[in-house]
Amino acid sequence: FPKYFTNKAIVLYLATITVVSFVFFRQIMYWYWFIFGIVEVVLFFYYTNFLTKKWSHLSQKMFIRKIFTVSIVIRIIWVLVSYFFYTAMTGIPFEFSVGDALAYNVQANEIATKGYGALGEIFKGIELGDTGYSTYLGSLYMIFGLDSIIIVRLIKAALGAWTAVLLYKLAVRNFGESTARITAIIFMLMPNFVYYTGLHLKEVEM
């Protein structure tokens, strides 16, 4: 992945966030979001360029091992950082202005406590499409204990790392080796996909 594009992207991000902050100064973000954003963008673009070069000559077996290992390490670090960050900032290990995530957690605890026989009562008035993830969480809570939040998110980290491998295998079959490696590395480093491992939402599993 060309260094020219990654460098331009980093400069463009920094310029954009500076201009937006001045234009909308009254709505400026808190300082810690600037730090998160800059770290994410710089590391994403720098390592996309660096790793697509460094790992280009690895064997398929070694590449898959690297993709899975680095993906899960990145995600575990974020799971732990976000857990303690949100707890310190909000008093609970959930994001700011939490909505769906907290509802899923409450429903999951009810399922783990009352059992599957109470699903009709728990989901009364809730559309069928909104019940699957809570049921999945409730099943995990039955195994690992109520409010097993950190366990659920560590499982998300493993699923996210596995997804990087699956994307590589899908892309190599359809688009060739070099494209597949870039695909896997971009997914491994993409801040959005890492971010969702630290939330009680269904994006990672889906």
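**Exercise 1.** Is Phe85 buried or exposed in this structure?

*Solution.* The model is a predicted one, and the step begins with the relative accessible area of Phe85, which is 15%. Buried means under 20% relative accessible area, so Phe85 is buried. The residue Tyr86 can be treated in the same way, since its relative accessible area is 2%, and therefore Tyr86 is buried.

**Exercise 2.** Classify the ring pair formed by Phe85 and Tyr86, and then the ring pair formed by Tyr30 and Tyr32.

*Solution.* A pair of aromatic rings is described by the distance of the centres and the angle of the planes. The structure holds 26 aromatic pairs. For Tyr30 and Tyr32, the ring centres are 5.6 Å apart and the planes stand at 15°; planes under 30 degrees apart count as stacked, so this pair is stacked. For Phe85 and Tyr86, the ring centres are 5.7 Å apart and the planes stand at 55°, so this pair is tilted. As for accessibility, Tyr30 is exposed, with a relative accessible area of 56%, whereas Tyr32 is buried, with a relative accessible area of 11%. Ring pairs also link these residues into a cluster, whose members include Tyr30, Tyr32, Phe85 and Tyr86, along with Trp31, Trp33 and Trp78.

**Exercise 3.** Find where Ser97 and Asp147 lie, and describe the phi and the exposure of each residue.

*Solution.* Most residues other than glycine have a negative phi. Ser97 lies in the loop between α3 (60-90) and α4 (100-114), and its phi is near 50°, a positive value in a residue other than glycine. With a relative accessible area of 77%, Ser97 is exposed, because exposed means over 50%. Asp147 is found in the loop between α6 (132-144) and α7 (149-175), and its phi, near 55°, is likewise a positive value in a residue other than glycine. The relative accessibility of Asp147 is 43%, so Asp147 counts as partly exposed.

**Exercise 4.** Which ring does the charged end of Arg153 sit over, and which ring face does Arg181 lie over?

*Solution.* Taking Arg153 to begin with, its charged end sits over the ring of Phe94, at 5.3 Å from the centre of that ring. Turning to Arg181, this residue lies over the face of Phe63, at 4.7 Å from the ring centre.

Note on methods: Residues numbered from 1 in each chain as written. Predicted model: local features only at pLDDT ≥ 70, side-chain atom pairs only at ≥ 80, totals over all residues. Heavy atoms only, no water. Helix = DSSP H or I, 4+ residues; strand = E, 2+ residues; numbered from the N terminus. Buried < 20%, exposed > 50% of the residue type's maximum accessible area, 1.4 Å probe, protein only. Phe/Tyr/Trp six-rings, centres within 6.5 Å; stacked < 30°, edge-to-face > 60°. Lys NZ or Arg CZ within 6 Å of the ring centre and 35° of its normal.
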